[in-house]
Amino acid sequence: MNKKTVVLIMAAIMLLFGFGCKLRAKEIAYVPVKTEGYGYSDATEYPVVSIINSKEGLNVYLEAYDYIYPDDTIGFEALRTAAENYDEIYFEEHALISVLLERNSGSISFTINSITKEGSTVTIDITRNVPEMGTQEMALTQYLFEVSKDDISSDDKVEVVFSK
């Protein structure tokens, strides 16, 4: 093999495999549904993340939420009302990614930057917006991200990262 052929083969391999660079994560289309409530559980490690693939799974999630946060009537009522929009027909082609975030002040808000998938890892990029002064109650923010079942499976790992 001559030098020119070797160089062409190497160039083709580098183009094919991207010079060893990581492939870019796939953006996942989503619709966020947000509810807010008040409460906190010392036994809970936040954020709480779940993939919900069925109406039955959603009902189990609602029961667990009500059990862990029995005093959060505002948040639970809002979450239960939002859950009424999802039936078995919805779950034939869609899933929900549930993300429960705690806030040590009701004045803190969140901005969802993106949801991406690389391999079997789904990453939800969130910015936490903290004002200089805020209230002092423990608050919860619950997101239900509506996604296509083509983009996620129950075997996927979901990570939440907080951008600065």
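Which residue takes a positive phi in the hairpin of S5 and S6? Gly119 does, near 65°, in a hairpin with two residues between the strands. This is a predicted model, where local features need pLDDT of at least 70 and side-chain atom pairs count only at pLDDT 80 or more, while totals for chains, interfaces and linings use all residues. Residues are numbered from 1 along each chain as its sequence is written, and side-chain values use heavy atoms, leaving out hydrogens and water.

**View 1. Strands S5 and S6 form an antiparallel pair.** Here you can follow S5 (residues 109–118) and S6 (residues 121–129) through nine bridges. Strands are DSSP runs (E, at least two residues), numbered from the N terminus, and two of them pair if DSSP finds at least two bridges between them. Look for Ile112, which stands opposite Ile126 in S6.

**View 2. S6 runs parallel to S8.** Seven bridges join S6 to S8 (residues 157–163). Two partners to find in S8 are Lys157, across from Thr121, and Val158, opposite Val122.

**View 3. Four strands make an open, mixed sheet.** Their order is S1-S5-S6-S8. S1 (26–27) and S8 are the edge strands, each pairing on one side only.

**View 4. Asp87 lies in the loop between H3 (73–83) and H4.** Helices are DSSP runs of H or I with at least four residues. Why does Asp87 count as partly exposed? Because its relative accessibility is 39%, and partly exposed falls between buried (under 20% relative accessible area) and exposed (over 50%), using a 1.4 Å probe and protein chains only.
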